[in-house]
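Please look through the structure below together with its sequence. The paragraphs after it go through one part at a time.

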Amino acid sequence: MDFNDSPQEAQFRAEVRSWLEQQAGGYRQPLDTADVSGYTAKARDWQRKKADAGYAAIRWPRAEGGLDGTPMMEVIFAEEEARYHVPVGPLVTIGTTMAVPTIRKHGSPEQIEQFTRPTLYGDILWCQLFSEPSAGSDLANVRTRAVRDGDDWVINGQKVWTSWAHVADWGILLARTDANVPKHKGLTFFLVDMRSAGIDVRPIQQISGESEFNEVFLTDLRIPDANRIGAVGEGWKVAITTLMNERINAVGDSLSLPSVPEMLQQVRQSGKGLDKHRAAQLLTQELGLRFFRFRLLTSLSKGETPGAISAMSKLVHANMLQDLSAMALESAGLDGICADGDSLMEKFQHGYDWAAALRIAGGTDEILRNQIAERVLGLPGEIRVDKDIPFSECR
Ligand SMILES: Cc1cc2nc3c(=O)[nH]c(=O)nc-3n(C[C@H](O)[C@H](O)[C@H](O)COP(=O)(O)OP(=O)(O)OC[C@H]3O[C@@H](n4cnc5c(N)ncnc54)[C@H](O)[C@@H]3O)c2cc1C
């Protein structure tokens, strides 16, 4: 991508490359995420290094730990960082790219002061307590209740799919404070100290054998009112800030994800025939995504916010990743099941499993298609019959 850099951007890329060569040299091999405490310690340490150099929040003012930089500089850093196996997954980004931007937009000066710097430096890791058994795509259906009691709120309910709740220090929580108004209007946004009494975190085992996400049961959990973000009943507005940031950040380059040329290499090695039509479709998608990305970057570099159109990136990327990984695994036959130390095969297995999760997390394929249809193509909106009736009357 370097060929598209302006002279200033090329200079910044060179600085970043040299910094990474010095600091990230120890991250040339994939990390073992199953070693939760080791991985968490490395994630905190890497975040601290970035924060010390100003790379943890490139667009923020220098006085607040940033570089006064541009969105393009942030993209350049992410591209260069993706050449290493550094620990920069959701364990860190839920805090840096979702919780903190939300707190900075809607929180009080005291809350911004309390949470910004420790998150930037990896001292606070976050989880996102939004989804519930009956609230995922339809997030406003949240049933976890928050009832005011003096200076506290008392929380009861259940969350699910909560990534990294088992190691997080704090969580962002969406709860219902009023069931007598329409569903989007009775929600409030809180910050939860995950070490509080009344939180029971139960890991869910994934197909990959790892347990990155959890069920979280909240029983008479007390949250001080000082940890409320935004006004009572305004939680939906606050959560939208978090969700917008989640979707923008859902797709990232990563060394651990396979590409179409790697798939072609694998099929060639297997000696099996290549389905040329399928391969050509995947190549077209990969190229299309690359040029679509240039368009997003151009709009970012002009200071614009790409909006709903960026949903296309995740939609195409996740499906393409699953298809190309499947094609490589199919060509390998039984060898595709047991990678046996073959790092390329491990990459395809990981790509296949991860693509399935990526097609759901941060907005499912169907929800993204709805978004593109309504907000990009201007097609008529979905019929939402429960939009204007009190939540207590919804079934
Ligand atoms: C890897 C991973 C990590 C996650 N981490 C977190 C986390 O940290 N915190 C958190 O709060 N949540 C997390 N989630 C949950 C995620 O946000 C939800 O899974 C997602 O929003 C979908 O909700 P759901 O699973 O309840 O499915 P549902 O909403 O029940 O959807 C079921 C199916 O119905 C379809 N569907 C639903 N509504 C419509 C519609 N209007 N039109 C057409 N089709 C529709 C969906 O596309 C889907 O295929 C994570 C999920 C994954 C996979």
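In this predicted model, strand 1 (residues 126-129) runs parallel to strand 4, and four bridges join the two. Within this pairing, Trp126 has Trp170 of strand 4 as its bridge partner. Strand 4 also pairs with strand 5 (residues 187-193), here in the antiparallel sense and over seven bridges. One of the residues involved is Arg176, whose bridge partner in strand 5 is Leu187.

How many of the residues of strand 4 are buried? Seven of the seven residues in the stretch 170-176 are, so strand 4 is largely enclosed by the rest of the structure. Buried here stands for under 20% relative accessible area. In a regular strand, side chains alternate between the two faces of the sheet. For strand 4, Trp170, Ile172, Leu174 and Arg176 point one way, while Gly171, Leu173 and Ala175 point the other way.

On the scale of the whole chain, the division is into domain 1 (2-88), domain 2 (126-238) and domain 3 (250-376). The C-alpha centres of domain 2 and domain 3 are 32 Å apart.

The ligand is surrounded by 17 residues, and the closest are Ser131, Ser137, Trp161, Thr364 and Glu366. By type, the shell divides into seven nonpolar, eight polar and two charged residues. Strand 3 (152-163) supplies at least two residues of the shell, and helix 11 (365-376) likewise supplies at least two.

A backbone N or O atom of Trp161 is 2.9 Å from a nitrogen atom of the ligand. For Ser163 it is a polar side-chain atom that lies 2.8 Å from a ligand nitrogen atom. Asn370 also places a polar side-chain atom by a ligand nitrogen atom, at 3.3 Å. As for cover, the ligand on its own has 980 Å² of accessible area, and the protein covers 68% of that area.

Conventions. Residues are numbered from 1 along each chain as its sequence is written. This is a predicted model: local features need pLDDT of at least 70, side-chain atom pairs count only at pLDDT 80 or more; totals for chains, interfaces and linings use all residues. Side-chain values use heavy atoms; hydrogens and water are left out. A residue is near a molecule or strand if one of its heavy atoms lies within 4 Å of it. A polar contact is a pair of N or O atoms within 3.5 Å; within protein, one must be able to donate a hydrogen and the other to accept it, and residues adjacent in sequence count only if both atoms are side-chain atoms. Accessible areas come from the Shrake-Rupley method with a 1.4 Å probe; for residues, only the protein chains shown count as cover. Ala, Val, Leu, Ile, Met, Phe, Trp, Tyr, Cys and Pro count as nonpolar, Asp, Glu, Lys and Arg as charged, and the others, Gly among them, as polar. Buried means under 20% relative accessible area, exposed over 50%, partly exposed in between (1.4 Å probe, protein chains only). Two strands pair if DSSP finds at least two bridges between them. Domain bounds come from an automatic or database domain assignment.
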